[in-house]
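Please keep the structure open while reading.

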Amino acid sequence: MKLLFLTVAALLVCVSQAQSTQQDYVNTHNTARAAVYSGDLLTWNSTLEAYAQNVANSRISSCSIQATSPRLYGENIASGFYLTGTQAVNLWVSEKAPGGHYSYPTCAPGYICDHYTQVVWRNSNQLGCARVICANTGNTKALVVCYYSPPGNVAGEVPY
């Protein structure tokens, strides 16, 4: 019985770390960007990664998705049970409104799309993300934080 528990625990750790690599984040973002325009691809930035890791680490106990202040970079944050990096990016991309015509902060009526527009923002060309498992959740709830430079979501501008 103890061996079965350890095997299941090990599988959960492997699954929770799957789809949360640097390349997973970059690929998922760039797939969303390529779907709407042929602009620059995002590249990984270790400074943004370190910043994301610091923010994520500071929220391990709360698992808070509250926006960071002051905002130095573009930011997306998601939290969920067994949430991987790829799933978090896909969650943000799912905010894409029908028609996809945006002039930030305007989105289609009834939609909130600021996470999506940051993912596809043409002028953002660098990305750094981090993922932590939140405390007191039985290793089930994750927090995913991504930062973008230069930041997107500039009032009155279009994302692509």
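Why is strand E2 (residues 74–81) largely enclosed by the rest of the structure? Six of its eight residues are buried, so the rest of the structure largely encloses E2. Buried means under 20% relative accessible area, exposed over 50%, and partly exposed in between, with a 1.4 Å probe and protein chains only.

**Model and fold**

The model is predicted: local features need pLDDT of at least 70 and side-chain atom pairs count only at pLDDT 80 or more, whereas totals for chains, interfaces and linings use all residues. Residues are numbered from 1 along each chain as its sequence is written, and side-chain values use heavy atoms, with hydrogens and water left out.

pLDDT, the predictor's confidence in each residue from 0 to 100, averages 88 over the protein, and 89% of the residues score at least 70. Over residues 1–16 it stays under 50, and there the model has four contacts beyond four places in sequence. Contact means heavy atoms within 4.5 Å.

The protein has five helices and four strands, in the order α-α-β-α-β-α-α-β-β from the N terminus. Helices (H or I, at least four residues) and strands (E, at least two) are DSSP runs, numbered from the N terminus. Of the 160 residues, 42% count as buried. Among contacts between residues at least 6 apart in sequence, 71% join residues at least 24 apart.

**Sheet**

The four strands form an open sheet in the order E1-E3-E4-E2, with mixed pairing. Strand E1 (43–44) and E2 are the edge strands, each pairing on one side only. Two strands pair if DSSP finds at least two bridges between them. E2 and E4 run antiparallel and are joined by eight bridges. Glu 75 stands opposite Tyr 147 in E4, and Phe 81 has Lys 141 of E4 as its bridge partner. Helix H2 packs on the sheet, touching E1, E3 and E4, and its direction makes about 125° with that of E3. For such angles, axes are lines fitted to C-alpha atoms, for helices over the stretch in contact, and the angles run from 0 to 180 degrees between N-to-C directions.

**Nonpolar cores**

A nonpolar core is a set of buried Ala, Val, Leu, Ile, Met, Phe, Trp, Tyr and Cys residues joined through side-chain atoms within 4.5 Å. The largest has 23 residues, of which Tyr 25, Trp 92, Leu 127, Cys 146 and Tyr 148 touch the most other members. At least two residues each come from H2 (22–34), H4 (85–93), H5 (114–120), E3 (126–133) and E4 (141–149). E4 gives the most, with four residues. A second, separate core of 13 residues includes Ala 56, Tyr 73, Ile 77 and Leu 143.

**Two residues**

Leaving aside neighbours within four places in sequence, Asn 30 is in contact with Leu 41 and Leu 42. Its side chain reaches the backbone nitrogen of Leu 42 at 2.7 Å.

Lys 141 and Phe 81 are 60 residues apart in sequence, with a C-alpha to C-alpha distance of 4.1 Å. With neighbours within four places again left aside, the contacts of Lys 141 include Cys 63, Ser 79, Val 132 and Cys 134.

Key:
Polar contact = N/O pair within 3.5 Å; in protein donor to acceptor, adjacent residues only side chain to side chain.
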